[in-house]
Amino acid sequence: MTANDDAFARAQAALPGGVNSPVRAYGSVGGTPRFLVSARGAYVTDVDGREYVDLVASWGPALLGHAHPEVVAAVQTAAARGLSFGASTPAETELAELVRARLGAASGVEKLRLVSTGTEATMTAIRLARGATGRELVVKFAGHYHGHSDGLLAEAGSGVATQGLPGSAGVPAPIAAQTLVLPYNDLAAVEAAFAAHPGRIAAVITEAAGANAGVLAPQPGFNRALVELAHAHGALVILDEVLTGFRVGPAGWWGLEGAAEGWAPDLFTFGKVIGGGMPLAALGGRAALMDQLAPLGPVYQAGTLSGNPLAVAAGLTTLRLAEAEVYAHVDAAADAVAAAVSEALAAEGVAHVIPRAGSLFSIAFREAPVRDYADAKAQDAWRYAPFFHALLEQGVSAPPSVYEAWFLTAAHDAAALDRILRALPAAARAAAT
Ligand code: PLP
């Protein structure tokens with residue numbers, strides 16, 4: 001028995017499924033999840049001392065690579081001054097100002113509220129949209145994941161997709177009924193929903209680019225038309241950039257698309273990279289809307305650890321270091337790995353497409369492009385488990401589900417990329433059998 005096997009056995013007796021977040025359990029790929037003890041740059045190390053090139057990046061946050069020395073130093077300095085005050089700090093304002101500056105005036109982000117998780121950010125954004133509009137219904141798209149609050153789990157991506165669940169037990173039917181789930185990239189379905197529920201839809205929430213049912217990029221013009229349609233019906237748009245924000249570009253997916261096309265949502269949600277690997281997330285929008293949050297307005301939201309000084313230090317330092325070269329490097333690394341994955345699978349005659357959104361990509365074992373959740377599910381998903389394990393055996397840790405995006409970082413240097421590229425042919429052979 002390896003130390004890793006032992007760690008998993010003990011964990012299963014103490015934690016449901018041996019994990020604290022479902023996808024970590026390797027449910028869809030089988031085998032024993034790796035228990036990690038450290039992470040540095042592009043590598044993670046498990047309890048048996050085995051080192052892997054990491055393509056999970058903590059599910060997105062580690063844009064600079066793991067344990068970037070300046071980020072670690074900033075957190076250590078903050079820790080020495082006190083772990084949590086339960087009072088405001090100047091650094092929280094600095095982080096809000098930095099985010100505002102990076103997005104620019106056209107984004108409409110004038111004020112932010114810092115929270116601890118992406119789930120809280122989207123949950124609060126929805127409460128705020130309901131409070132501001134006096135309406136109750138929310139539109140979300142099948143296969144999009146916005147965290148695990150009750151109303152947002154219907155046909156959700158990420159672990160819900162991995163486990164093949166329609167939603168979650170424990171969500172009361174009247175709450176589920178407040179969420180209208182529509183096919184992604186289908187404007188006619190959105191129009192029909194507004195027509196069927198006149199004056200009742202508070203908000204449309206959408207991932208800026210879908211990345212939780214594999215990568216599901218928005219069709220050109222979809223986000224823009226969504227904003228126009230929602231506004232024409234008096235509803236707000238919540239652009240969920242928890243995953244894409246500050247990862248696919250300096251101003252997230254909106255910076256790549258909305259800034260160029262001249263549209264903006266009413267609220268943004270951020271998470272992952274904004275906290276640089278610490279628990280921090282945020283929502284932001286125009287002052288008039290954000291000021292409806294307590295203490296100025298009637299929409300309540302609070303958090304003992306909101307704006308935690310260690311998390312803010314990690315986020316501030318990460319964003320300051322995330323300059324144009326970082327994004328250029330991550331884009332180039334993603335290009336290289338995505339091309340090599342495709343080449344290896346093609347060489348083995350395995351039907352596949354590589355859905356892509358900026359530096360994010362995933363594999364779909366099918367021939368036709370993937371536009372929505374139904375497409376994402378219509379693939380030879382079983383091919384992913386042998387592919388994944390062949391990579392793992394060769395020291396490459398890909399996401400343990402075909403429905404998750406692959407994450408490159410600024411620390412994926414030539415040596416790390418070389419290890420991935422050398423591992424791919426055997427993985428593709430495994431996928432072919
Ligand atoms: N929104 C999106 C787009 C996400 O990808 C996630 C997490 O993966 C969330 C929200 C939830 O964030 P958290 O896991 O921090 O609660």
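Predicted model: local features only at pLDDT ≥ 70, side-chain atom pairs only at ≥ 80, totals over all residues.
**Figure 1. Overall view of the protein chain, with 16 helices and 13 strands.**
The C-alpha trace spans about 55 × 55 × 45 Å along its principal axes. Buried residues make up 53% of the 433 residues. Among contacts with a separation of 6 or more, 76% are between residues 24 or more positions apart.

**Figure 2. The shell of 16 residues around the ligand.**
Gly118, Thr119, Gly147, Val242 and Leu243 come nearest to the ligand. Helix α4, residues 118–133, gives the most to this shell, with three residues. By type, the shell holds nine polar, five nonpolar and two charged residues.

**Figure 3. The open sheet of four strands in the order β1-β2-β3-β13.**
The pairing in this sheet is mixed. Strands β1 (36–40) and β13 (396–397) stand at the edges and have a single partner strand each, so one side of each is left without a neighbour in the sheet. Strand β1 runs antiparallel to β2 (residues 43–46), and four bridges join the two. Arginine 40 has tyrosine 43 of β2 as its bridge partner.

Leucine 114 stands opposite alanine 282 of β10.

**Figure 4. Glycine 143 in the loop between β5 (137–141) and α5 (159–162).**
Glycine 143 has 29 other C-beta atoms within 10 Å; the cut-off for a buried residue is 20 or more, so glycine 143 counts as buried. Leaving aside neighbours within four places in sequence, the contacts of glycine 143 include Glu155, Gly157 and Ala161. Other residues in contact with glycine 143 include Tyr184, Gly210, Asn212, Ala213 and Leu216, as well as Asp372, Tyr373 and Ala376. Valine 160 is 17 residues from glycine 143 in sequence, and the C-alpha to C-alpha distance between the two is 8.8 Å.

**Figure 5. Helix α8 (residues 222–232) and its buried residues.**
The buried residues of α8 are Asn223, Leu226, Val227 and Ala230. These residues are on the same side of α8, because they cover an arc of only 100° around the axis. An α-helix has 3.6 residues a turn, so residues three or four places apart point the same way. The elements that cover the buried residues of α8 include the helices α7 (187–196) and α10 (258–261) and the strands β7 (201–207) and β8 (236–241). Just after α8, glycine 234 takes a positive phi of about 75°.

Technical notes. Residues numbered from 1 in each chain as written. Near = placed C-beta within 6 Å. Nonpolar A, V, L, I, M, F, W, Y, C, P; charged D, E, K, R; others polar. Pairing = 2+ DSSP bridges. Buried ≥ 20, exposed ≤ 12 C-beta atoms within 10 Å, placed from the backbone. Contact = placed C-beta atoms within 7 Å. Arc of directions from axis to C-beta.
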